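Me: I would like to learn how to read packing and strand pairing from a model. Please show me the structure and take me through one feature at a time.

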Amino acid sequence: MADAKLFAGHRIKRLRRQAGLTQAAMAGTLDISPSYLNLIERNQRPLSATLLLRLAEHFDFDPRSLSDDEPGGGETGLRRRLADPLFADLDIDRNELQEWLAAAPGGAEAFARAFDRMSQGGGVADPQTRDPVIAVRREIERWKNHYADLDEQAEALADELRLGAGDLYGAIAERLRSKHQLTIRILPAEVMPDRLRRLDLHARQLQLSEMLDQASRTFQAGFQLAQIEAKAEIEALVSGAEFADQVPARFYHRHLAGYFAAGLMMPYRRFLRACEASGYDFELLQRRFGAGFEQVAHRLTTLQRVGERGLPFFMLRIDRAGTVSKRYAGASGSPLVEAATFCPLWHIHRAFDRPGEFARQLVELEDESRWLTISRTVHPVSRAPSGVRAEFAIGLGLAADHAAPLAEARGIDLRAGAAMPIGLGCRACTRADCPQRSAPPAGRALLITERERSLTPFAFAGD
């Protein structure tokens with residue numbers, strides 16, 4: 001893996017076009033010949049370490065973005081899509097995928113977009129039938145879940161509020177009262193049995209349930225402040241997304257208001273400094289910023305400010321059935337975020353057996369990429385009238401190559417240590433020796449014989 005050549009012609013061509021440069025102009029800036037740059041853009045020459053440094057020096061270019069900007073999600077993303085039973089009769093091997101990506105990156109991206117559109121039940125001529133949750137998530141990932149303008153505004157407001165009071169919740173409440181004529185009222189659970197927050201404009205009240213803990217009360221107050229003071233910025237982002245109807249637009253608006261609230265609670269620069277100084281100690285970050293674990297985990301996926309980037313985390317939230325309710329890839333480019341199902345050997349599932357405790361695990365995917373993952377359960381602060389209390393597992397992950405600064409990485413040999421081999425769910429995994437397999441991989445012919453019995457009942461043809 002360390003000696004793999006890096007081909008990223010499509011990314012360099014896009015960077016050049018965004019800068020409005022000809023090949024000759026860009027080649028002159030990078031001190032290389034135009035013919036050499038032409039070969040790089042056509043994926044006939046790899047990027048060298050020296051050239052990567054020059055790109056970072058002269059352009060707004062983060063070398064880590066190469067891993068998450070491949071057409072169609074790169075080889076892993078295309079393999080996942082080609083695992084669909086629709087392509088079961090096609091024997092497309094890894095070499096063909098690599099050649100496709102190198103020779104026709106635009107075609108690979110077009111295939112990926114068309115497949116995803118059809119998978120959502122929307123055909124090319126009917127985009128309005130797309131799942132609004134998927135549409136919003138794609139917009140979030142297009143921004144890598146980092147909104148520089150919102151972060152800067154939230155950071156400036158947080159600094160202003162700190163000057164007036166040490167208690168952030170109290171400072172937000174006072175600003176809502178004095179500047180916007182809104183008071184916060186905490187109501188009993190029996191008065192708001194099925195609501196956490198309600199805005200009563202007639203009474204000029206922001207009503208919060210007593211079931212909310214302090215971190216959640218601060219977040220909800222910040223959420224309301226975002227709806228007022230960051231309204232123009234949020235509406236501009238929603239308008240720019242050009243959603244087909246109001247449902248995804250409102251969902252995206254809610255995400256952006258929540259993003260601003262998190263920026264108030266965990267201002268970018270102070271939060272990043274605390275992360276780096278503590279080795280991303282999650283419990284310390286929770287206490288220092290008065291936030292819950294899920295809030296901290298989400299914030300870690302947003303640290304992509306130019307010149308002040310944090311580590312590229314991804315985050316998932318699942319229930320006991322493995323259903324995903326949150327996916328944030330950030331700048332990680334991790335295929336785990338895109339997986340339809342998850343490998344049972346991944347410790348995110350075991351977090352439910354030890355509520356509130358951290359479970360760390362070094363895993364290795366089929367493409368030989370390694371990821372350090374940290375999982376923990378969370379319990380939403382609300383409780384339904386029926387008495388049912390929700391429970392989820394949060395999975396945070398980071399490429400092993402970036403994980404050395406983490407406190408949770410201490411004692412783990414990230415490069416050569418033992419890693420759990422996992423896949424992207426049985427239907428997408430082609431590991432033949434997994435005793436945990438519950439289904440055969442899609443697109444592979446089953447090998448049935450009465451003379452032998454393998455580790456699983458699903459022996460299948462290899463590459």
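Me: Which residues does Tyr252 touch, leaving aside those up to four places away in sequence?

Reply: This is a predicted model. A contact is a pair of heavy atoms within 4.5 Å. On that basis Tyr252 touches Val136, Glu139, Ile140, Trp143 and Tyr147, and also Leu237, Val238, Ala241 and Phe243.

Me: Which members of the largest nonpolar core touch the most other members?

Reply: That core has 70 residues, and Tyr252 is listed with Leu150, Phe271, Leu300 and Leu406 as touching the most other members. Helix H13, residues 246-265, gives the most to this core, with ten residues. A second, separate core has 22 residues, including Val337, Trp346, Trp371 and Leu424.

Me: Why is strand E10 described as largely enclosed by the rest of the structure?

Reply: Buried means under 20% relative accessible area. In E10, residues 392-399, eight of the eight residues are buried, so the strand is largely enclosed by the rest of the structure. Read it face by face: Phe392, Ile394, Leu396 and Leu398 lie on one side, with Ala393, Gly395, Gly397 and Ala399 on the other, and both faces are covered.

Me: Which strands pair with E10?

Reply: Look for the bridges. Strand E9, residues 370-378, runs antiparallel to E10 and is joined to it by eight bridges; within this pairing, Ile374 has Leu396 as its bridge partner. Strand E6, residues 314-318, also pairs with E10 in the antiparallel sense, over five bridges, and Phe314 stands opposite Gly397.

Me: What share of the protein chain is buried?

Reply: Of its 463 residues, 46% are buried.

Methods:
Residues are numbered from 1 along each chain as its sequence is written. This is a predicted model: local features need pLDDT of at least 70, side-chain atom pairs count only at pLDDT 80 or more; totals for chains, interfaces and linings use all residues. Side-chain values use heavy atoms; hydrogens and water are left out. A nonpolar core is a set of buried Ala, Val, Leu, Ile, Met, Phe, Trp, Tyr and Cys residues joined through side-chain atoms within 4.5 Å. Buried means under 20% relative accessible area, exposed over 50%, partly exposed in between (1.4 Å probe, protein chains only). Helices (H or I, at least four residues) and strands (E, at least two) are DSSP runs, numbered from the N terminus. Two strands pair if DSSP finds at least two bridges between them.
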